[in-house]
Amino acid sequence: MASIVRSKPVILLLFVQSCLCLLSPSLAISSGSSLDGYAINGRVKIPGIGAKGLGSHGKISNVKVILNGGQHVTFLRPDGYFSFHNVPAGTHLIEVAAIGYFFSPVRVDVSARFPGKVQATLTEKRRSLSELVLEPLKEEQYYEIREPFNIMSVVKSPMGLMMGFMVLVMFVMPKLMENMDPEEMKRAQEEMRNQGVPSLASMLPGAGRSN
Amino acid sequence: MVMAIRSLFIFVVILSITVPTLSLYEDQVGLMDWHQKYIGKVKHAVFQTQKTGRKRVVVSTEENVIASLDLRHGEIFWRHVLGPNDAIDGIAIAMTKYVITLSSGGSILRAWNLPDGQMVWESFLQGTRDSNSFLFVPTSSKVDKDNTILVFGKGSLHAVSSIHGEIVWKMDFPAESFEVQEVIQHHDIDTIQVVGFVGSSQFDVYQINAKNGELLKHDSAAFEGGFSGEVSLVSSAKLVVLDAARSTLLTISFQNGEISFQKTYISDLVEDFSGMAVILPSKLNGLFAVKTNTASAFISVSSEGKLEVVDKITHATVISNPLPVSEGQQTFALVQHGDNDIHLNVKQGHDWNSDLLKEKIKLDQQRGFVHKVFINNYVRTDRSHGFRALIVMEDHSLLLLQQGEVVWRREDGLASIIGVTTSELPVERVGVSVAKVEQNLFEWLKGHMLKVKGTLMLASAEEVAAIQGMRLKSSEKSKMTRDHNGFRKLLIVLTKSGKLFALHTGDGRIVWSLLLNSLRQTETCQNPTGINLYQWQVPHHHAMDENPSVLVVGKCRPSSDALGILSFVDTYTGKELNSFGLDHSVVQVIPLPFTDATEQRLHLLIDASGQAHLYPRSAEAVAVFQREFSNIYWYSVETNNGVIKGHGLKSNCDGEVANNYCFGTREIWSIVFPSESEKIITTVTRKSNEVVHTQAKVIADQDVMYKYISKNLLFVATVSPKASGDIGSATPEESQLVVYVVDTVTGRILHRMIHHGSQGPVHAVFSENWIVYHYFNLRAHRYEMTVIEIYDQSRADNKDVLKLVLGKHNLTSPVSSYSRPEVTTKSQSYYFTHSVKAITVTLTAKGITSKHLLIGTIGDQVLAMDKRFFDPRRSVNPTQSEKEEGILPLTDSLPIIPQSYVTHSLKVEGLRGIVTAPAKLESATLVFTYGVDLFFTRLAPSRTYDSLTEDFSYALLLITIVALVVAIFVTWVLSEKKDLRDKWR
């Protein structure tokens, strides 16, 4: 229901608007007030926030609608409608701040030449809106979700890898040793002793005896 | 084997790096962050205690907050922060279920549902001119009547239905500059009387039909002496006002269409009166208060208009609005300051000597005077009246008094922070609490077993709670001593009220607070304000025994030529060490990078006449200063004239203020921006305490780029004057944004760039050799962020190995602003979704850790963005080597990842600033965000690569080690046996 109206009582506006939107969404009215300000009326629709105002993330009462980066700030009525008054003609930016939801800023053109004409465009998607109904593009999840317990995550953790490696050493290495030619092994051991590299076996108690 | 272990180790390291830790799990909330909610200094308060159910008080504050507080504990039920230009003029409760607020100079009327704070309706009131504003909710004896609210604002009177905000009628006053002072309701005949002034000398009374707004009668009378200031309505047909000279009281009666003035000289009532008097705002029947230079006089008005002083009080005094307790009876509260305590008296309106309540309440000294008092009554069990009083103190705190005691207090001064710095905590002394927290081994192991269960997701809900509690306890985060990692610090904050708070970074509690006497109103210093606070003494090395201290700089008036005030505060004890008023003004404070023998930092204060004053005032400081005399440069920005000037020091200053600590200055260079096309909107420089790890940056093809790192760089953004307003006020054709990078020693412009069709506001951050700034692109109608990186070209040819070997390189030549280095800049722009309130960058101890930008968005959240997103070398298709270097593919807009909001699901309402401080641990940085709310957290921008995470499971490590040892012995025994068997064979 994109409409641009010279400032008038809000309730009247809403009534007229709701009548008009049945006829045509792009229709709008203007009243003959002499002031230079216009009104921007729109609606924020958040699926999941019901009539009771309690959603998964918060209340509809905590949603703010911000014009031009903080020039005006307004809040939502229980039905989700909002309005800005006394807005001069020009191109404006509307942002919706709601915890838990991502809204695209909306470019709103308020025309001076054709009073009553308003154009709204989602700047993130470059999609124009036929009516100023703002819906979140996506929900925002601020926390990492803990992965449910599975054995792979334990295995993948540093501890798990250490354990796995040790198990590997315990069970696979002896097999490798067995497959080795004993003569070759002896030669290798001798070489090692000559080089003086401390081997794991020599560090173990009783290593000397075992040789 | 060794190789295998090594490769395993490397693998583990790689793995731990790729695990993300900047984002939080939901159960980690509160582990290293805290959030505090405030409202600001209370302006109006309305109690709602009649109905059964939760008793509450609705308040509006100077931070444009409307909040409903629990009267029992002072907690916030709900709260709304209105826009920055939407100051609240008045609040009221209508129909016992709606809170009505009038804001924006009497043009926006909103109704909020009292139980949950949902906005019910919003009305925009139109008028033709600016005027004062006035909200009046008539009390109705009939219950089912549609209550109308009377609002005067923008020069007209509106009657608004309180059910749905519809305007019932509107009345424009014929006189051009009519200002409503009071509205008087006549229950019996459905009319209202509106009284007010036109100009400064005409008094008008309008009688209006309350049903339809019809003007019934209009009387007016002029008084030559003129009126000034506040009125005090003493009966339904009489009010008291001061004349223009503020020395004569005028009693105006306006019964039956006749207006008569009656003059009384204050000097007739109060003997030693001189100067100006002020009427204290009150609405009492037959009584008003006048504050003179010596005392507050309470004057009763008889029905004939005779004035009589009933009491004189010499202490500071505050009176509340009247509170009707029963039919025709009014009470009011009177708060006086005694020596160490405050006296709360509740009196009956008609009888001065009737004290319904007389209480003496002890307050701690750090709260100053009472500024406002609101009272409310309740019926005791013995059917007598009891009273509770809500008082607003000089330090903006809010206290509820009942039965001679402070029931609760709120430190709402913290909603208006103007300066933040950090201080170290005392070093832990030997013998104190060493291993006190370590329980026996069994307990410790049990705790860790629980943790293991938690990580394996096997723990029950109770166990999870136990883990949470244990984590909080074991982290020792709220201890009062310095820790090894530097996470525990004191945040020293200066608030608008002139109070200094020390907050503990661990849990956000107030360690000490101090209302600075030097920033309080005195005879010589009428309207003192704090400017900022600086680290004065940070002892390390040779002055370990000294306590660290901060310097608070203030001035007597908001104007630039006001005399300055200095105050020095010990950050361990919270005591003011010294304070004095200066004999010169303070325009700029420059902390110099030099300290004296006691580690006191030298500060240079520049006054309005351009002279520089050195502090501390000691011979040693001057000696240190004289050595560096010719190396001290600074710059000044004159936004109004569009000039940036560079300054240096001359000799000692001459004239009457000549002393050893005063120096004359000389202008070295100036940059004048053409006023018809450019207006300075933002200037940003590097943080002086930033540490840069390396100048060289190795890029993908084994090439090296040298960052141009200079402390003397200034980023300046200018816009065309037409585009200096808000978005929507300029067209793309007439607006352009020009950014400059200026060397502040030589005045040389290193880089200049024009963004056509763009406008401010510009928020920028300058770190190392790069600048990131945020502005609005009018053509695309989106916000954009641009990065500029500056590289030193003169060192670029230092790649020749031969030259390096032969020593023919200039790597060791100092970075100096005197030389004219060849610099190249690279820049790139991206779209960004949100409006921005503040930008800063993470600081770490050594500058090794990669940087994150912290962006305070319009939704009052803080978003952390990796600097890698702002890299001018990003391209659409990075080559393989560039990918390896970590360059991200170019996208036209910056991605917003919800998990990287450091404030997670919290809002820092009214966000104004973000401060980062390095911890001792290189990977960690401390982030403090302030506004109406406070939020603190600890970040690890490159993840905690130099320490184990909090939830690291020592038990699992221990079990693994034990298992390995057991395995080793088992295998050893087995191999022994096998050997033996082999030998027997």
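Trainee: Where in chain B does Thr96(B) lie?

Mentor: Thr96(B) lies in the loop between β7 (88-94) and β8 (98-103) of chain B; strands are DSSP runs of E with at least two residues, and helices are runs of H or I with at least four, numbered from the N terminus. The model is predicted, local features need pLDDT of at least 70, side-chain atom pairs count only at pLDDT 80 or more, and totals for chains, interfaces and linings use all residues. Residues are numbered from 1 along each chain as its sequence is written, while chains are lettered from A and ligands numbered from 1 in the order in which they are written.

Trainee: Why does Thr96(B) count as exposed?

Mentor: Thr96(B) has 11 C-beta neighbours inside 10 Å, so it counts as exposed. The scale uses C-beta atoms placed from the backbone: 20 or more others within 10 Å means buried, 12 or fewer exposed, and values in between partly exposed.

Trainee: What is the phi of Thr96(B)?

Mentor: Phi of Thr96(B) is near 55 degrees, a positive value in a residue other than glycine.

Trainee: Why is Gln403(B) called exposed?

Mentor: Gln403(B) has 12 C-beta neighbours inside 10 Å and therefore counts as exposed. Gln403(B), not a glycine, also has a positive phi of about 50 degrees, and its place is in the loop between β34 (398-402) and β35 (405-410) of chain B.

Trainee: What makes the peptide bond from Tyr615(B) to Pro616(B) cis?

Mentor: Its omega is near 0 degrees. Pro616(B) sits in the loop between β46 (612-615) and α5 (619-627) of chain B.
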